[in-house]
Amino acid sequence: MSLVSQEPTHTSFPKRRTTAGIVIIGAGMAGSRFAIELARTQSNDDTARLPITLISKEPQVGYNRIMLSPVLSGESVFEETYLYELAEYEQLGITVLAGTSVDAIDTKQQCIELSDGQVLDYTELVLATGSQARVIPFANHDAKGVHVFRDIADVQVLTEYARQAKKRSRHWWRGARSRGRLRFGISRGRYDSGSCR
Ligand SMILES: Cc1cc2nc3c(=O)[nH]c(=O)nc-3n(C[C@H](O)[C@H](O)[C@H](O)COP(=O)(O)OP(=O)(O)OC[C@H]3O[C@@H](n4cnc5c(N)ncnc54)[C@H](O)[C@@H]3O)c2cc1C
């Protein structure tokens, strides 16, 4: 995400613009809770109703990241980690843009540009972009099987990796068993043929 020059510029975002009211970038636990609470507060106050737009780079909106550990271990399912139903955002009038990231912010013109090319004007901007997993560049940090664990996409990759590894180890065991049987068969053959003294 880049911050466009603070100098007055009327050409930085020339595309068609939409007014999005209060824009919240990031629909993690902070962003999604903020959107819901703000919408609930506004619904009780007729004097201060601004549109609310929640933007999520991840296709999945407002899940509890902390619960990814039990999802990865198989103790829980991902659907249980959502903080709110999608219907709740809808009912409260929150516009949710999922699977798109904010690529640039122009604070002078009060607008943002999304990865899909949309340009949105904002009245207020909330940055709830959280953090990213940082990989320490130690030797072999990019070796096969070394992975970060931050979002549901990581869980899916890790789960698939574990499934493949399990499959490989089952093959290895089958191979080891037949290798064992073969050896056992060879010695029995020797025994049967009287070669074993
Ligand atoms: C496996 C795991 C276990 C954890 N366990 C604990 C725990 O036990 N206790 C604890 O206190 N904390 C724990 N944490 C940390 C906790 O999950 C985070 O502190 C918390 O998720 C922060 O919430 P957030 O909404 O601020 O940010 P995030 O959850 O990081 O959400 C930010 C969102 O913004 C999106 N985003 C970023 N940039 C853009 C952009 N340019 N445009 C659009 N969207 C964008 C991101 O994709 C993300 O979806 C854990 C984290 C993980 C990964």
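**View 1. Both faces of strand β4 are covered in this predicted model.** Ile-52, Leu-54 and Ser-56 on one side of β4, and Thr-53 and Ile-55 on the other, are all buried. A residue counts as buried if 20 or more other C-beta atoms lie within 10 Å of its own, as exposed if 12 or fewer do, and as partly exposed in between, with C-beta atoms placed from the backbone. In a regular strand the side chains alternate between the two faces of the sheet. Because 5 of the 5 residues of β4 are buried, the strand is largely enclosed by the rest of the structure. Residues are numbered from 1 along each chain as its sequence is written. In this predicted model, local features need pLDDT of at least 70 and side-chain atom pairs count only at pLDDT 80 or more, whereas totals for chains, interfaces and linings use all residues.

**View 2. An open sheet of 4 strands has the order β5-β4-β3-β9.** The pairing in this sheet is parallel. The edge strands, β5 (94–98) and β9 (124–127), each pair on one side only. From one strand to the next, the twist averages 15°. Strands are DSSP runs of E with at least two residues, helices are runs of H or I with at least four, and both are numbered from the N terminus. Two strands pair if DSSP finds at least two bridges between them.

**View 3. β4 pairs with β3 and with β5.** β3 and β4 pair in the parallel sense over 4 bridges. The chain crosses from β3 through α1 to β4, and this β-α-β crossover is right-handed: with the strands pointing away from the viewer, the path from the first strand over the helix to the second runs clockwise. Ile-22 stands opposite Ile-52 in β4, and Ile-52 in turn stands opposite Ile-94 in β5. The parallel pairing of β4 and β5 extends over 5 bridges, and Leu-54 stands opposite Val-96 in β5.

**View 4. Helix α1 lies across β3 (22–25), β4, β5 and β9.** The helix runs at about 170° to β4. Axes are lines fitted to C-alpha atoms, for helices over the stretch in contact, and angles run from 0 to 180 degrees between N-to-C directions. Two residues are in contact if their C-beta atoms, placed from the backbone, lie within 7 Å.

**View 5. A shell of 24 residues surrounds the ligand.** The closest are Gly-26, Gly-28, Ala-30, Lys-57 and Gly-130. The shell divides into 11 nonpolar, 9 polar and 4 charged residues. Here Ala, Val, Leu, Ile, Met, Phe, Trp, Tyr, Cys and Pro count as nonpolar, Asp, Glu, Lys and Arg as charged, and the others, Gly among them, as polar.

**View 6. Gln-110 and Asn-140 have a positive phi.** Most residues other than glycine have a negative phi. Gln-110, with a phi of about 55°, lies in the loop between β6 (102–106) and β7 (111–114). This residue is partly exposed, with 15 other C-beta atoms within 10 Å. Asn-140, with a phi of about 65°, lies in the loop between β9 and α4 (152–192). Asn-140 is exposed, with 8 other C-beta atoms within 10 Å.

Terms used
Near = placed C-beta within 6 Å.
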